[in-house]
Amino acid sequence: MINRKEQPVIKKIESVDFLAPKKLKITPKVSLFHTKNVKDETTRFDLYFDAGKVKAENGIASFVNGLILSGTKEKTSVQINNDINGLGGFYESGVSIENAVISMHCLRENILPIFDTIIDAIKNANFPEKEVTEYFSDSKQRMKINSEKVSYLAQKKFQKLLFANNDKYSSTLSLEDYDKVSVEDLKEFHKKNYLKGLTKVVVVGNVEQNKITHLAESCSQFIADDGATFSSELKNHSTEERIEKKGAIQSAIRVGRTLFNKNHPDYLDFLVLNTILGDYFGSRLMSNIREDKGYTYGIGSMISELQKTGYFIVATEVGHEVKDATLQEIKNEFKRLQDEIVAEEELQLVKNYMLGQLLKSADGPYAMMDLYLSAEIHGKNLNFYNKAIESIQAISSERIKELAVKYLDWKEMSVVVVG
Amino acid sequence: MIKYEKFILENGLKVLFHQDTTTPMAVVNTLYNVGARDETEEQTGFAHLFEHLMFGGSVNISDFDKPLQLAGGENNAFTSNDITNYYDVLPKQNIETALWLESDRMLSLAFTDKSLETQRSVVIEEFKQRYLNQPYGDVWLELRPLAYKVHPYKWATIGKEIKHIEDASMDDVKAFFKKFYCPSNAILTIAGNFELEEVKKLVNKWYGDIPAGQKNDRNIPKEPEQKEYREKTIEREVPTNAFYYAFKMKNRLNPDFYISDTLSDALGRDKSSRLYISLKKEQQLVSSIGAYIMGTIEDGLLVISGKLNDNISFKELDVALWKELDEIKKKELEENELKRIMNKIRTSKEFQEQGVLNRAMNLSMFELLGDANMINEESTSYQRITPKDIQRVAKDILQKEKCSLLKVKALPNDK
């Protein structure tokens with residue numbers, strides 16, 4: 001008879017195989033990172049630009065990013081898209097507070113012509129009036145739709161409080177912005193932040209060296225004259241704000257504060273604390289607020305990193321009638337971590353879980369590249385993750401309590417409730 | 001080419017093994033042949049609620065998640081109208097923990113009142129979060145019963161109404177388990193850096209003694225052929241008018257399935273597709289438009305949906321849309337157009353097969369359809385499609401009397 005009552009013996013993860021991409025310097029400051037070790041036909045390339053939202057007012061950074069393929073003197077947006085789609089490429093672009101990125105997924109046999117199409121579109125983008133008008137109208141409509149979502153409204157409000165001491169970081173798009181921005185503004189931003197704004201190139205895929213060299217050479221024309229500068233002095237406004245939304249049957253809650261990134265000595269240990277609190281299915285917040293009380297479909301906490309700093313956030317959507325009860329429970333969970341020592345059993349579980357997830361984050365060339373980039377952006381190499389393994393294995397319950405006292409003080413938090 | 005081995009245990013459990021020597025992770029994927037289509041109309045949302053209960057402890061193990069997390073793993077599950085699928089991903093050296101957990105909950109659940117009570121409220125919050133508290137969130141709750149009159153695809157997996165979830169009793173839960181959760185009604189797929197003999201030994205050890213149970217021989221009423229155009233307008237406090245045209249199409253195993261998928265790509269997959277170019281870029285009638293198929297096992301839907309530009313009427317859109325649909329029925333696709341679509345299909349297929357979890361889930365799904373090896377034939381099925389095939393299927397599907405149209409009319413916002 002097999003023993004169904006007892007868990008089979010588990011084996012610990014002692015080490016993880018991390019594989020760094022090849023680094024090809026385009027200039028002393030800007031590099032192309034390439035992972036060649038892909039066994040199938042897939043490939044991806046990303047172009048990073050110093051063209052994040054902090055670089056301009058009135059949503060200009062978002063507009064330029066969204067309109068980057070809108071046409072050149074020679075080609076319309078329809079032709080550009082047709083050239084990409086015709087070769088089976090999947091285009092994506094995105095803009096965050098500090099960065100803009102243009103990404104392409106395609107088969108490796110098509111990487112060169114697709115890449116050349118993208119480079120030409122970026123280089124010669126001339127923002128045709130008709131395309132801009134259409135984009136603004138679509139984008140406004142999307143914004144109106146989003147504004148019906150409590151989660152969107154809460155996130156916007158939270159960003160205001162989180163970066164309260166820096167207008168560039170706290171500013172979010174508003175409907176008025178569409179009337180304030182001209183085609184000239186877009187062109188100027190494009191010239192400054194794309195034509196002279198490239199900060200990094202990433203390629204994953206079994207692509208031949210001569211093609212990689214071509215990519216690097218083509219990109220060299222866009223390189224920024226000087227390095228990007230970002231704020232390291234962000235500080236949240238500790239207060240609570242509530243927004244009523246008529247008819248909402250759920251409320252969105254955000255609780256958080258500015259914190260730090262991988263460069264802070266407490267980062268790795270705080271990661272363990274954060275996991276215990278809200279970063280896995282069995283976390284304190286999930287166990288209490290979802291699995292015990294049934295207030296929500298999901299609740300989680302995370303650390304989000306910026307170039308020079310970072311922040312901590314708890315986010316959830318709960319039944320309208322239990323929003324205050326939920327806030328109280330989040331507060332209680334912070335308090336418990338400050339007052340009580342985490343039991344050895346729970347700590348061991350979280351350690352094993354985190355190591356398993358790290359192993360998974362390094363599984364496969366695409367995941368491995370993302371893991372590498374998340375260290376590289378903070379000036380670290382893959383040794384950071386070996387340190388992470390040691391630090392996760394070594395952390396004590398006392399240390400977790402100490403960090404909870406230091407960083408999870410409710411008085412330091414910005415709290416937003418919408419709904 | 002995705003290689004796999006297949007073996008069947010004496011109790012009827014079908015097992016697939018996919019070897020991947022490059023990954024340090026193991027995948028244990030369990031597909032149960034039960035979905036929202038197996039519910040009765042008076043008790044909808046049950047398959048999905050049940051999926052939640054599968055995490056509330058099993059007969060010998062009080063907690064599902066903790067031991068898996070202790071082993072460095074994680075898991076999740078999803079329910080569709082056709083199936084319920086559970087997966088565990090964990091470091092390969094600890095695969096036995098996943099087999100221990102999964103086999104125990106196949107054997108029997110703990111059936112605690114607390115678990116039922118909590119998951120009822122969690123699912124009700126999910127209902128609110130995803131279907132009620134989102135602009136356009138309830139569209140599928142309206143469109144399904146418009147397109148299906150008899151077949152259980154007429155309700156969404158979350159259920160027809162919250163009350164059905166509130167009313168679920170422990171007796172219902174137990175009966176549901178007994179009927180659907182057993183080796184004869186499941187497909188287990190293991191993937192990772194293992195050898196076949198090792199997998200056979202482990203699977204036999206943990207699953208060999210589970211009673212076979214009954215295969216789910218479902219007797220679902222077939223949806224009668226739609227012979228009349230249907231239209232419904234709902235008014236909601238949303239910023240923009242939206243439209244959903246749903247056309248009846250063939251089931252998953254019909255050769256026309258892949259052709260219909262390709263047809264939907266031609267109409268509205270991306271910014272080079274016909275509807276996007278014509279209705280958005282040229283005529284400026286819509287702010288967004290897309291076309292896709294639902295991909296269900298039984299007779300499905302090809303859907304064209306989008307949002308109107310301000311000052312454009314549903315009527316104007318309707319005229320322009322049907323003109324495009326008539327065009328694709330009248331004239332064969334150009335070679336170039338088809339080549340573009342096929343290139344995109346090839347790229348997405350390659351990416352879908354990237355991760356070991358994806359491969360395990362897809363193998364399970366194809367095995368349910370009759371043969372896991374169909375995963376390796378899919379590309380050929382697409383690549384041999386001709387412009388003539390697409391024209392024929394367009395003529396067959398894109399008919400007014402096979403169409404159900406849902407219009408979401410924006411109410412003036414007084415807030």
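Colleague: Hi! How many residues of chain B are in contact with chain A, and how many of chain A with chain B?

Modeller: Hello! This is a predicted model, so please read everything below as computed from it. In the model, 56 residues of chain B touch 58 residues of chain A.

Colleague: Which elements of chain B give two or more residues to that side?

Modeller: They are helix 2 (65–70), strand 5, helix 3 (95–107), helix 4 (113–132), helix 10 (274–282), strand 9 (286–293) and helix 12 of chain B. Helix 4 of chain B supplies the largest share, eight residues.

Colleague: And what classes of residue are on the side of chain B that touches chain A?

Modeller: That side has 16 nonpolar, 21 polar and 19 charged residues.

Colleague: Let's look inside chain B. Which domains is chain B divided into?

Modeller: Domain 1 of chain B covers 5–207, and domain 2 of chain B covers 230–410. Their centres, taken over C-alpha atoms, are 29 Å apart.

Colleague: How many residues of each domain of chain B are in contact with the other?

Modeller: Domain 1 of chain B brings 30 residues and domain 2 of chain B brings 25. On the domain 1 side, the elements giving two or more residues are strand 2 (14–19), strand 3 (25–32), strand 5 (84–91), helix 5 (139–147) and strand 6 (186–192) of chain B.

Colleague: How do the residues on that domain 1 side of chain B divide by class?

Modeller: There are 16 nonpolar, nine polar and five charged residues on the side of domain 1 of chain B that touches domain 2.

Colleague: OK, now chain A. Where do the domains of chain A run?

Modeller: Domain 1 of chain A is 22–222, and domain 2 of chain A is 240–418. In chain A, 30 Å separate the two domain centres, again over C-alpha atoms. The contact takes 17 residues from domain 1 of chain A and 22 from domain 2 of chain A.

Colleague: Which elements of domain 1 of chain A give two or more residues to that contact?

Modeller: Helix 5 (150–162) and strand 6 (198–205) of chain A do. The largest share, nine residues, belongs to helix 5 of chain A. By class, this side of domain 1 of chain A divides into 10 nonpolar, four polar and three charged residues.

Colleague: Switching to helix pairs: at what angle do helix 9 and helix 12 of chain B pack?

Modeller: Helix 9 (residues 256–268) and helix 12 (residues 335–352) of chain B pack at about 110°, with axes 10 Å apart. Helix 9 and helix 12 of chain B are therefore roughly perpendicular to each other.

Colleague: Which residues meet there?

Modeller: T262(B), D265(B) and A266(B) of helix 9 meet E337(B), I341(B) and K344(B) of helix 12. That contact between helix 9 and helix 12 of chain B has two nonpolar, one polar and three charged residues.

Colleague: And in chain A, how do the axes of helix 3 and helix 9 cross?

Modeller: The axes of helix 3 and helix 9 (residues 209–219) of chain A cross at roughly 0° and come within 11 Å. That makes these two helices of chain A roughly parallel. I111(A), L112(A), F115(A) and I119(A) of helix 3 make the contact with K211(A), H214(A), L215(A) and S218(A) of helix 9. By class, this contact of helix 3 with helix 9 of chain A has five nonpolar, two polar and one charged residues.

Colleague: What about helix 13 of chain B, is that mostly covered or mostly open?

Modeller: Helix 13 of chain B is mostly covered, as 11 of its 14 residues are buried. Among them are V356(B), M361(B), F366(B) and L368(B). The covering elements include strand 2, strand 3, strand 5, strand 6 and helix 14 (374–383) of chain B.

Colleague: What comes just after helix 13 of chain B?

Modeller: G370(B) does, with a positive phi of about 140°.

Colleague: Is F127(A) buried or exposed?

Modeller: F127(A) is buried, with 22 other C-beta atoms within 10 Å. Y136(B), also not a glycine, has a positive phi near 65°. Y136(B) lies in the loop between helix 4 and helix 5 of chain B, and is partly exposed, with 17 other C-beta atoms within 10 Å.

Terms used
Residues are numbered from 1 along each chain as its sequence is written. Chains are lettered from A and ligands numbered from 1 in the order in which they are written. This is a predicted model: local features need pLDDT of at least 70, side-chain atom pairs count only at pLDDT 80 or more; totals for chains, interfaces and linings use all residues. Domain bounds come from an automatic or database domain assignment. Two residues are in contact if their C-beta atoms, placed from the backbone, lie within 7 Å. Helices (H or I, at least four residues) and strands (E, at least two) are DSSP runs, numbered from the N terminus. Ala, Val, Leu, Ile, Met, Phe, Trp, Tyr, Cys and Pro count as nonpolar, Asp, Glu, Lys and Arg as charged, and the others, Gly among them, as polar. Axes are lines fitted to C-alpha atoms, for helices over the stretch in contact, and angles run from 0 to 180 degrees between N-to-C directions. Angles under 35 degrees count as roughly parallel, over 145 as roughly antiparallel, 65 to 115 as roughly perpendicular and the rest as oblique. A residue is buried if 20 or more other C-beta atoms lie within 10 Å of its own, exposed if 12 or fewer, and partly exposed in between; C-beta atoms are placed from the backbone.
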